[in-house]
Amino acid sequence: MNDSPGWATPGSSPSDGDRQGTPAGRPGSDGGAQPPEQPAGGSKWSAEQPPPGQWSSPGATPPADAPPTPPAQPAAGWGTQPGAPYGGGPAYPGGPGQWGGVAAAKPGVIPLRPLGLGEILDGSVATMRTHWRSVVPITLVVATVIQVIGVLVQKFMLSDLPLSSEDMTAEEAIDSLGSTLAVSVVNQFIQVIGTIVVTAMLTMIFSRAVLGQHSSVSEAWRDARPQLLRLAGLTLLLALGIILLGAVLVLPGALAGNVGLAVVGFVAWLPLVIWLGIKFSLASPALMLEKSTVIKAFARSSKLVGGSWWRIFGITVLTSLIAFIVALMVVAPFQMIGLFAFGGGLDSLEDGSAQTAWGPLIFSGIGLIIAQTIIMPIQSGVTVLLYIDQRIRREGLDLELARAAGIENYGTTGG
């Protein structure tokens with residue numbers, strides 16, 4: 001029995017007749033091949049549906065009575081001609097692409113079939129480029145708020161500390177360490193809050209972009225707002241789990257003063273954190289798009305990632321590496337300008353005054369605002385598209401997406 005949810009456009013509720021779960025007979029389905037049901041109240045499904053048994057998994061041998069497949073046309077890519085399925089059916093929007101024996105539609109930023117690495121990255125960038133009027137204001141405002149608070153906190157919480165560590169007393173060193181940790185905690189807290197808001201709103205924009213639909217900032221906020229508290233709870237629960245693991249594995253050795261035991265605990269803690277991070281990496285889109293609870297979102301992510309952990313790990317690491325390189329290229333010039341033009345140069349680095357000088361702080365903040373405005377949509381987009389890709393591979397979500405995009409007869413071999 002397949003309990004996978006269907007797909008509903010954000011902000012709408014599926015009708016009583018909408019199918020839930022994997023369409024029967026598609027790759028990833030648990031049941032046998034059955035003709036699709038007609039939704040109640042009429043919909044965009046054609047009244048003429050193919051007889052049972054026409055669906056076949058990619059690479060499967062067609063039955064003896066199946067119509068012969070036309071010769072391949074290399075110039076046309078996946079299908080016989082751009083956007084048209086085998087058998088001469090109506091052209092689907094978005095060009096070529098083959099999945100399960102039919103042309104893969106592309107109503108939005110991705111083709112409705114299993115995605116490759118390049119298509120996931122391209123889909124993220126294409127959404128940011130095509131829907132920039134919605135994406136850029138969200139990330140720009142949130143990044144600006146994060147950096148303004150961060151600059152003010154660092155300026156006023158660290159300004160009274162001794163600049164040189166050589167003349168510090170033990171008490172001053174403890175105070176300096178405590179203030180530095182407090183600044184880091186405050187900055188991380190603001191960063192997490194901003195990331196939650198951005199993730200929630202961008203998830204809605206990306207889900208509509210897959211269907212070729214636009215979403216304004218107000219629409220994204222309206223769709224995301226009901227799940228914000230749950231998304232915050234999910235983030236908090238995951239962070240607490242990581243902290244508790246560290247407390248159990250690393251803290252005993254550190255408190256006992258046993259460096260070797262602390263190192264062993266850290267070596268055991270780090271792989272567990274990475275494994276859990278990837279295992280639950282799809283929980284946020286599952287929570288937002290399936291309108292589920294926190295626990296169900298964790299369970300859905302675990303199910304979708306299962307068997308594809310290394311693939312998702314590789315894509316996540318590559319995306320993080322790209323984000324790091326982009327951030328370095330954007331932020332470094334601003335930091336250099338702030339340091340040498342307004343911060344006293346290398347001498348301010350030696351005496352520690354650069355960390356509280358307005359020039360370096362402001363220019364570094366400007367660079368980080370620009371970098372985060374670029375990076376956050378890419379990272380959020382990759383996560384959402386990985387979630388959609390896994391559901392297409394396991395649950396036949398492409399049919400649900402095609403129906404939501406208004407493509408009739410999608411999944412048939414003929415017109």
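1. Buried is used here for a residue with under 20% relative accessible area, exposed for one over 50%, and partly exposed for anything in between, with a 1.4 Å probe and protein chains only. By that rule isoleucine 392 is buried, because its relative accessible area is 0%. Isoleucine 392 is found in helix H12, where helices (H or I, at least four residues) and strands (E, at least two) are DSSP runs numbered from the N terminus. Isoleucine 392 and proline 114 are 278 residues apart in sequence, and yet 6.1 Å separates them in space, C-alpha to C-alpha.

2. A word on the basis of the values: this is a predicted model, in which local features need pLDDT of at least 70 and side-chain atom pairs count only at pLDDT 80 or more, whereas totals for chains, interfaces and linings use all residues. Residues are numbered from 1 along each chain as its sequence is written, and side-chain values use heavy atoms, with hydrogens and water left out.

3. Arginine 391 is also placed in helix H12, which spans residues 358–395. Arginine 391 counts as buried because its relative accessibility is 1%. Its side chain makes a polar contact with the side chain of tyrosine 387, at 3.0 Å; such a contact is a pair of N or O atoms within 3.5 Å, and within protein one must be able to donate a hydrogen and the other to accept it, while residues adjacent in sequence count only if both atoms are side-chain atoms.

4. The largest nonpolar core has 64 residues, of which Val210, Ile388, Leu401 and Tyr410 touch the most other members. The largest share of this core, eleven residues, is supplied by helix H3 (residues 170–210). A second, separate core has six residues, including Ala323 and Ile375. A nonpolar core means a set of buried Ala, Val, Leu, Ile, Met, Phe, Trp, Tyr and Cys residues joined through side-chain atoms within 4.5 Å.

5. The largest pocket has a volume of about 1,300 Å³, a volume being the space filled by probe spheres set on grid points that are joined across faces, edges and corners. A pocket is an open set of points on a 1 Å grid over the protein atoms alone, where a 1.4 Å probe fits, with protein on both sides within 12 Å along at least five of seven lines; lining residues have an atom within 4 Å of a point. Of the 39 residues that line the largest pocket, Thr195, Thr199, Ser281, Gln379 and Thr383 lie nearest its centre. H12 gives the largest share of this lining, eleven residues.

6. Which aromatic pairs deserve a look? The structure holds five aromatic pairs, where rings of Phe, Tyr and Trp (its six-membered ring) pair if their centres lie within 6.5 Å, and planes under 30 degrees apart count as stacked, over 60 as edge-to-face and the rest as tilted. The rings of phenylalanine 280 and phenylalanine 298 have centres 4.9 Å apart and planes at 70 degrees, so this pair is edge-to-face. Both phenylalanine 280 and phenylalanine 298 are buried. For tryptophan 309 and phenylalanine 313 the centres are 5.0 Å apart and the planes at 10 degrees, so the pair is stacked. Tryptophan 309 is buried, at 16% relative accessible area, whereas phenylalanine 313, at 25% relative accessibility, counts as partly exposed.
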